[in-house]
Amino acid sequence: MNKNKAKKVTLQDLIARAEQRKLDKKELRQLYIKSLDATITIMKPDRALVLDSMNMEDESDGDRHLIYNCVVEPSLKDPELHKAYKVVSPMDIVDEIFDPGEVANISKEIVRMAGYIDSVEVVKNIKN
């Protein structure tokens, strides 16, 4: 490519690249969402995010916190999305997009992905 005609990199380009690099390192999983008749992509949360969510007083706030931070495609953090749904608090977007049962199930799948559900199984009972 001709150096004189190369695109000038912007701050947004660099930020997008940083976000993509983070995603490339994360474990991802697709979930089918019945009410949307489409899939979303979630990423495996780190321990701190799961513990923060579990320590919230209201369990539904914890679920919304996990979903807001772990759904990466489409990004629930997009300001245009918030504007379209007229949400005041950013995490309110979760309740606007997903049905209540879906919120609980998406959150459960995120926690499972992090190894907090169904990751340990008894192999054999030990007799004394």
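Two strands count as paired if DSSP finds at least two bridges between them, and helices (H or I, at least four residues) and strands (E, at least two) are DSSP runs numbered from the N terminus. The model shown here is predicted, so local features need pLDDT of at least 70, side-chain atom pairs count only at pLDDT 80 or more, and totals for chains, interfaces and linings use all residues. Residues are numbered from 1 along each chain as its sequence is written, and side-chain values use heavy atoms, with hydrogens and water left out.

**View 1. The whole protein, before zooming in.** There are 6 helices and 3 strands to find here. Starting at the N terminus, they come in the order α-β-β-α-α-β-α-α-α. Of the 128 residues, 30% are buried (under 20% relative accessible area; exposed is over 50%, partly exposed in between, with a 1.4 Å probe and protein chains only). Take the contacts (heavy atoms within 4.5 Å) between residues at least 6 apart in sequence: 51% of them join residues at least 24 apart.

**View 2. The S1-S2 hairpin.** S1 and S2 make a hairpin with 4 residues between them. Look in the turn for Asp-37, which has a positive phi of about 50 degrees. The two strands pair in the antiparallel sense, over 6 bridges.

View 3. Three strands line up as S1-S2-S3 in an open sheet, with antiparallel pairing. S1 and S3 (71-73) stand at the edges with a single partner strand each, so one side of each has no neighbour in the sheet. From one strand to the next, the twist averages 45 degrees. H3 packs on this sheet, where it touches S2 and S3, and its direction makes about 30 degrees with that of S3. Axes here are lines fitted to C-alpha atoms, for helices over the stretch in contact, and angles run from 0 to 180 degrees between N-to-C directions.

**View 4. Thr-41 up close.** Thr-41 sits in S2 (residues 38-43). Its bridge partner is Gln-30. Thr-41 is buried, at a relative accessible area of 12%. Leaving out residues up to four places away in sequence, Thr-41 touches Leu-28, Arg-29, Gln-30, Cys-70, Val-71, Val-72 and Glu-73.

**View 5. Helix H6 across the strands.** H6 (residues 100-113) has 14 residues and reaches 20 Å from first C-alpha to last, close to the 20 Å expected at 1.5 Å a residue; the expected span is 1.5 Å times one less than the number of residues. H6 lies across S1 and S2, running at about 160 degrees to S1. Its buried residues include Val-103, Ile-106 and Ile-110, and the buried set packs against S1 (28-33), S2, H2 (47-54), H3 (59-70) and H5 (92-97). After H6 comes Gly-115, with a positive phi near 90 degrees.

**View 6. The largest nonpolar core.** A nonpolar core is a set of buried Ala, Val, Leu, Ile, Met, Phe, Trp, Tyr and Cys residues joined through side-chain atoms within 4.5 Å. The largest one has 24 residues, and those with the most contacts inside it are Ile-40, Ile-67, Leu-76, Val-94, Phe-98 and Ile-106. S1, S2, H2, H3, H5 and H6 each give two or more residues to this core, and H6 supplies the largest share, 5 residues. Zoom in on Leu-76: beyond its neighbours within four places in sequence, its contacts include Ile-67, Val-94 and Phe-98.
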